[in-house]
Amino acid sequence: MIPTATVYSSTVNLVKTIVGAGLLAIPYAFRADGVTVAIILLLFAAITSGFGLYLLSLSSKALLNPRQSSFFTLCSVTYPKLSFLFDFAMFIQCYGVGLSYLVLVGDLFSSLLGGRRNWWILGSTIIVVPLAHLRQLDSLKYSSLVGLLSITYLVLLVTGTFLQGVMFGNKYVEHRGDVSWLHIHSVGELVSTFSIIILAYTGSMNMFSVINELKDNSTANAKRVVYYSVGISTLIFLSVGLGGYLTFGNNVLTNVILNYDESAITTRIGTFSLGTMVILSFPLLFHPGRIAFNNMVHWLDITYALYIMRREQKLEEPVLADNESTRPICMSVDDEEDRLMLGIEGESYQSLPRGTQSQEELSEQMEHDSSAVPLDGSRFYIVTWILLLIMYVLALNVTSFALILALVGSTGSTSISFTLPGLFGYKLIGTESLIKGNSLNRKEIWCRLASLGLALYGILVTLISVFVIIYFGI
């Protein structure tokens with residue numbers, strides 16, 4: 001497909017991917033952490049997540065065709081044995097969160113407008129199914145824009161209530177608890193809400209789609225998308241966090257909208273906006289989930305084919321070594337900044353996987369292989385219909401799976417937001433300089449160390465999040 005995305009349309013989609021239903025839990029995190037610590041954690045989460053998104057965009061330049069980037073293709077050329085594992089983690093996360101969104105749609109609209117929960121879930125197919133059949137992420141920019149309008153209303157509801165009822169009035173004085181600016185409410189709540197803030201910026205699942213679909217997918221443009229998306233998301237989180245917490249103080253609930261008068265028209269519109277935001281967030285999760293599922297099927301196909309080949313030819317050794325790949329690494333790109341960061345000097349330099357293929361044979365192969373993992377024709381529709389059918393069957397029969405979803409989210413989100421981007425950056429940045437006998441410059445050394453630090457940080461966040469879920473039961 002011809003790339004059509006712009007920096008602004010990509011920013012809209014990435015912001016909508018980052019900002020989900022968890023937005024309304026941010027004020028509760030401010031309650032647990034205190035205003036100062038919560039702001040510090042939010043800014044730290046923005047920096048680490050933004051750096052992870054930047055590393056993904058930079059690592060994509062290591063492929064012969066950067067527009068074929070995905071977690072699967074990069075894992076295949078860096079950590080082949082982990083490619084299936086990480087796609088599985090991303091699929092479970094996207095699929096699980098998408099499923100929870102369908103359940104939430106049924107609960108929200110049935111309580112707001114009446115009717116049976118299951119009928120509202122089935123009714124969501126009118127919007128969800130057409131959007132789920134769009135092949136490109138950029139095609140979702142208009143629905144994402146509507147979703148952002150819903151988010152804007154929620155931000156205005158929270159901040160407007162604070163300004164009107166607290167700053168310039170005493171409307172909520174009887175509902176307002178104490179406000180902690182420096183004091184942490186409790187260590188237990190600080191730990192239990194840690195993952196809410198740290199994982200608030202999860203948007204890595206769609207970063208490769210953004211890179212693949214940008215008309216100009218240079219590092220400069222990718223960085224703009226990351227800066228704009230993370231910056232806008234930070235403003236949204238801070239506005240809702242501060243506005244909600246300063247309005248209700250320590251009486252704020254885990255979902256701040258529950259603190260408002262449910263009979264008020266503004267609150268009912270807010271609940272409707274939340275439902276709209278959730279429905280329009282679903283396709284943004286289904287899109288990378290479908291890609292991850294197809295990658296896993298593709299991996300199983302290749303693994304089975306290699307097994308049959310070895311069996312028929314009675315080979316004793318694997319066809320591919322662990323550090324080999326079905327895709328070549330290319331460290332030659334047109335973007336000057338890419339060359340500097342990846343450690344490339346001068347003209348084109350392409351490193352082939354060990355084997356007998358020549359550069360001409362690989363180029364010819366690439367001409368016949370338009371996508372790293374094929375997902376077109378009938379395959380696209382079969383995968384889409386199977387995933388949607390199973391998801392709706394589950395949504396109609398499952399009411400609560402919070403513990404499993406929390407465990408999957410804490411492991412899957414951290415792996416694709418911190419651990420994998422860090423591992424990719426550490427493995428790829430400066431590699432070609434080392435191969436050619438050149439030493440790394442300071443920027444490359446710093447970036448490799450920072451990448452390793454991000455990967456270790458991701459592992460630490462995973463351990464803390466799993467501990468919180470198991471120990472505190474959330």
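Start by selecting Thr17, which you'll find in helix H1. Keep in mind that this is a predicted model.

**Stop one: Thr17.** Show its side chain and look for the backbone oxygen of Asn13, which the side chain reaches at 2.7 Å. Is Thr17 buried or exposed? With a relative accessible area of 11%, Thr17 falls under the 20% cut-off, so it counts as buried. Next, bring up what surrounds this residue: leaving aside neighbours within four places in sequence, Thr17 is in contact with Thr202, Gly203, Met205, Asn206 and Leu284.

**Stop two: H1 against H12.** Zoom out and select residues 7-18 for H1 and residues 219-248 for H12; their axes come within 9 Å and cross at roughly 40°. The two helices are therefore oblique to each other, and the crossing is right-handed. To see who touches whom, show side chains on both. On the H1 side, pick Val7, Tyr8, Ser10, Thr11, Leu14, Val15 and Ile18; the H12 residues they meet include Asn221, Arg224, Val225, Tyr228 and Ile232. Colour this contact by residue class and you get ten nonpolar residues, five polar and one charged.

**Stop three: H4.** Finally, select residues 71-78, helix H4. How many of its eight residues are buried? Eight of the eight, so H4 is largely enclosed by the rest of the structure. Click through the buried residues, among them Phe71, Phe72, Leu74, Cys75 and Val77.

How values were computed. Residues numbered from 1 in each chain as written. Predicted model: local features only at pLDDT ≥ 70, side-chain atom pairs only at ≥ 80, totals over all residues. Heavy atoms only, no water. Axes fitted to C-alpha atoms, helices over the stretch in contact; angles between N-to-C directions. Helix = DSSP H or I, 4+ residues; strand = E, 2+ residues; numbered from the N terminus. Parallel < 35°, antiparallel > 145°, perpendicular 65-115°, else oblique. Left-handed = near helix turned anticlockwise from the far one by under 90°. Contact = heavy atoms within 4.5 Å. Nonpolar A, V, L, I, M, F, W, Y, C, P; charged D, E, K, R; others polar. Buried < 20%, exposed > 50% of the residue type's maximum accessible area, 1.4 Å probe, protein only. Polar contact = N/O pair within 3.5 Å; in protein donor to acceptor, adjacent residues only side chain to side chain.
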